[in-house]
Amino acid sequence: MTLRIAVPNKGALSQAATEILRESGYRQRSDSKELALVDSENDVEFFYLRPRDIALYVGEGTLDAGITGRDLLLDSGAKAVEVMNLGFGRSRFHFAGPIGRYTSLDDLQGLRIATSYVGVVEDHLFRHGIDATVTRLDGAVETSVQLGVADVIADVVETGSTLRAAGLETFGEVILDSQAVLITRSDKVPDDFEIFRRRVEGVLVARSFVMMDYDIEQSRLDAATELAPGREGPTISPLGKPGWVAVRVMVPRAGSQRLMDDLWSVGARAILLTDIHACRL
Ligand SMILES: Nc1ncnc2c1ncn2[C@@H]1O[C@H](COP(=O)(O)OP(=O)(O)OP(=O)(O)O)[C@@H](O)[C@H]1O
Ligand SMILES: O=P(O)(O)OC[C@H]1O[C@H](OP(=O)(O)OP(=O)(O)O)[C@H](O)[C@@H]1O
Ligand SMILES: [Mg+2]
């Protein structure tokens with residue numbers, strides 16, 4: 001049976017979601033007005049939906065899997081299951097109010113809170129025993145305080161520039177840390193999903209690792225291997241130069257420049273770093 005996957009059709013997650021699917025070898029729409037697309041070669045159909053609705057479709061089992069934000073999944077209360085963090089669309093969910101006015105969660109007692117995430121906010125207030133009025137707005141919630149509709153807001157913060165522009169600041173603890181996640185239906189997931197999952201995972205791993213090649217004198221190999229042990233161990237091949245070997249090892253992308261410096265210091269030469277585009281580990 002064709003695997004049916006939901007993809008954000010617009011907003012902060014849309015482009016990165018399409019990119020990761022393309023890199024995973026799936027056909028993606030070329031026109032942002034297309035509502036669905038069949039990739040017949042891979043037997044997958046993609047549905048382009050509002051990120052906020054995706055958890056609902058997947059939770060109900062109408063679609064097999066989807067990409068959405070963790071915050072939206074929690075807000076929806078849908079019974080979908082998180083399978084994997086996707087590493088983009090990172091944000092924090094916060095209360096915010098006029099600069100200098102509020103400092104802690106207790107200050108919220110009796111206030112009017114505007115948000116697009118009523119589920120997350122009411123749950124948080126309930127768990128902390130706070131009684132406040134929650135008003136649902138569709139977006140641009142930062143403006144609601146200035147316009148007198150609310151005393152504080154609860155919203156997604158990434159860089160904080162939208163808050164600053166509205167003369168607001170966060171207060172209290174972070175309500176939740178979010179990022180894009182791959183979700184599936186909680187009941188029967190089709191067998192084919194495992195291939196899809198592995199492909200996406202392969203792209204994520206490929207993004208966070210690089211391949212490092214270097215030449216080194218056999219006698220110095222242990223010192224170099226200690227710096228870069230690799231996943232299973234380095235691949236070591238003979239080199240045309242007597243007493244030297246060629247080494248290939250997968251290393252985390254983060255810190256790879258420093259690693260090149262350190263490998264050089266222990267005698268590695270001809271150090272090359274290359275991107276990996278996809279993998280199965
Ligand atoms: N500035 C941002 N940076 C990173 N992630 C963000 C940002 N804004 C929203 N997100 C995340 O993207 C997801 C969907 O938000 P998005 O803003 O795309 O949807 P929306 O608010 O329903 O739609 P729209 O803003 O298009 O009306 C959420 O998981 C949210 O945490
Ligand atoms: O901290 P920042 O980097 O400024 O990003 C956070 C802003 O981005 C999102 O808004 P979006 O553009 O999705 O508009 P919306 O509020 O209408 O959803 C979010 O709702 C915040 O307003
Ligand atoms: Mg938004």
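Biologist: Which element gives the most to the shell around ligand 2?

Modeller: This is a predicted model, in which local features need pLDDT of at least 70 and side-chain atom pairs count only at pLDDT 80 or more, while totals for chains, interfaces and linings use all residues. Residues are numbered from 1 along each chain as its sequence is written, and chains are lettered from A and ligands numbered from 1 in the order in which they are written. Both β9 (152–157) and α6 (161–165) supply at least two residues of this shell, where a residue is near a molecule if its C-beta atom, placed from the backbone, lies within 6 Å of it, and helices (H or I, at least four residues) and strands (E, at least two) are DSSP runs numbered from the N terminus. With 3 residues, the element that gives the most to the shell around ligand 2 is β9.

Biologist: How many of the residues in the shell around ligand 2 are charged?

Modeller: There are 13 residues around ligand 2, with Gly 139, Val 156, Glu 158, Thr 159 and Thr 162 coming nearest. Ala, Val, Leu, Ile, Met, Phe, Trp, Tyr, Cys and Pro count as nonpolar, Asp, Glu, Lys and Arg as charged, and the others, Gly among them, as polar. The shell then divides into 4 nonpolar and 6 polar residues, and the number of charged residues is 3.

Biologist: From which domains does the shell around ligand 1 draw at least three residues each?

Modeller: Ligand 1 is surrounded by 15 residues, and the closest are Gly 11, Ala 12, Gly 69, Ser 91 and Glu 158. At least two residues of the shell come from each of α2 (51–59) and α3 (70–76). The protein chain is assigned domain 1 (3–88 + 179–190), domain 2 (91–178) and domain 3 (209–275), with bounds from an automatic or database domain assignment. The shell around ligand 1 draws at least three residues from each of domain 1 and domain 2.

Biologist: What distance separates the centres of domain 1 and domain 3?

Modeller: Domain 1 comprises 3–88 + 179–190, whereas domain 3 spans 209–275. Taken over C-alpha atoms, their centres are separated by 39 Å.

Biologist: Which residue is the bridge partner of Val 7 in β3?

Modeller: Strand β1 (residues 3–8) is largely enclosed by the rest of the structure, because 5 of its 6 residues are buried (20 or more other C-beta atoms within 10 Å of a residue's own; exposed means 12 or fewer, partly exposed in between; C-beta atoms are placed from the backbone). Two strands pair if DSSP finds at least two bridges between them; β1 is joined by 2 bridges to strand β4 (residues 65–69), in parallel, with Ala 6 opposite Gly 66. Over 6 bridges, β1 also pairs in the parallel sense with strand β3 (residues 44–49). There, the bridge partner of Val 7 is Tyr 48.

Biologist: Is Thr 18 buried or exposed?

Modeller: Thr 18 lies in helix α1 (residues 14–23). Because 21 other C-beta atoms lie within 10 Å, Thr 18 is buried.
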